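Please keep the sequence and the coordinates at hand while reading.

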Amino acid sequence: MGVSTSVPEEGVAFVTVDYPPVNALPVQGWYDLAAAVRAAGADPDIRCVVLTAEGRGFNAGVDIKEMQRADGPEALIGANRGCFEAFAAVYECEVPVVAAVQGFCLGGGIGLVGNADAIVAADDATFGLPELDRGALGAATHLARLVPQHLMRTLYYTSRTVTALELRRHGSVWDVVPRDRLAASALELAREIAAKDGTLVRLAKAAINGIDPVDVRRSYRFEQGFTFEANLSGVAGRVRDTFGTKPDTGPDTKPDTGPGTAPGTDKERQA
């Protein structure tokens, strides 16, 4: 369990996340992921990094149970900073990052794939930001890199998800394959990238980041300020403890959010 790095072939590093049951990362997990991605990108022998995950889903965001156990704001601050570092590590990785996504990709998962250079997805992959159901605000910056503005807003306000095939139609997913072919498809794309000159591909990554119309670090940090405001006001904790249940519906009634509901049972929902 945790974050591991492997080199399946020359020039390509796989950074793999494994936090059962739903890959909801604790604070330290986000920092570990950031360190692993940065280290892989800094390796002069690596020319492409593949970000992948074990289990039935790619990422379910932060470990809310860790936050609920904390008496003060330290866990929230840690999660904010950890996510910021992990998302930035993917974006600033010295070489291109390919995200290989299966199952659910929620919350912090959107921050990771939204900052990746390319996405390969299994045909069962779904993407969404259930933040309003979790007492948080954030990663709209990264969802806006995957879908058009009005769709991003609708997905954000409703907590619904979109499929990998829908994202491919928007041009943000490179390939959609059966789950048992996901690793092979990601490796195939990474191999093509890694065939380029290492110095030139690093220059290309820096150049492309330099022409981005949105400063993703500053934009996401701005969003995080509202998460902290919601926490200070008390609304974040109330919503987080009920996974988005309206105050007048009782703790056992969940609103109908359509296909955008989180994976598994209520006890498994983390992000």
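Q: Is N23 buried or exposed?
A: The model is predicted, so local features need pLDDT of at least 70 and side-chain atom pairs pLDDT 80 or more, whereas totals for chains, interfaces and linings use all residues. Residues are numbered from 1 along each chain as its sequence is written, and side-chain values use heavy atoms, without hydrogens and water. Buried means under 20% relative accessible area, exposed over 50%, and partly exposed in between, with a 1.4 Å probe and protein chains only. N23 has a relative accessible area of 2%, and it is therefore buried.

Q: Where is N23 found, and what is its phi?
A: N23 is found in the loop between strand 2 and helix 1; helices (H or I, at least four residues) and strands (E, at least two) are DSSP runs, numbered from the N terminus. Its phi is positive although N23 is a residue other than glycine, with a value near 55 degrees.

Q: Which peptide bond is cis, with omega near 5 degrees?
A: P21 has its place in the loop between strand 2 and helix 1. The cis bond runs from P20 to P21.

Q: Where is A139 found, and what is its phi?
A: A139 is found in the loop between strand 7 (126–128) and helix 5 (140–143). It is buried, with a relative accessible area of 3%. A139 is not a glycine, yet its phi is positive, at about 70 degrees.

Q: How do helix 1 and helix 3 pack, roughly parallel or roughly perpendicular?
A: Axes are lines fitted to C-alpha atoms, for helices over the stretch in contact, and angles run from 0 to 180 degrees between N-to-C directions. Helix 1 (residues 27–42) and helix 3 (residues 74–92) pack at about 20 degrees, with axes 8 Å apart. Angles under 35 degrees count as roughly parallel, over 145 as roughly antiparallel, 65 to 115 as roughly perpendicular and the rest as oblique. The angle therefore makes helix 1 and helix 3 roughly parallel.

Q: What is the angle between W30 and F87 in their aromatic pair?
A: Rings of Phe, Tyr and Trp (its six-membered ring) pair if their centres lie within 6.5 Å; planes under 30 degrees apart count as stacked, over 60 as edge-to-face and the rest as tilted. The centres of W30 and F87 are 5.9 Å apart and the pair is edge-to-face, with planes at 90 degrees.

Q: How many residues apart in sequence are the parts that W30 and F87 tie together?
A: W30 is buried, at 0% relative accessibility, and F87 is buried at 2%. W30 lies in helix 1 and F87 in helix 3, so the parts tied together are separated in sequence by 57 residues.

Q: Which residues do ring pairs link into a cluster?
A: F87 also forms a tilted pair with Y220, at 5.0 Å centre to centre and 50 degrees between the planes. This pair links helix 3 with helix 10 (residues 216–233), 133 residues apart. The cluster consists of W30, F84, F87 and Y220.

Q: How do helix 10 and helix 11 pack, roughly parallel or roughly perpendicular?
A: Helix 10 and helix 11 (residues 235–242) pack with axes 4 Å apart, at an angle of about 90 degrees. That angle makes them roughly perpendicular.
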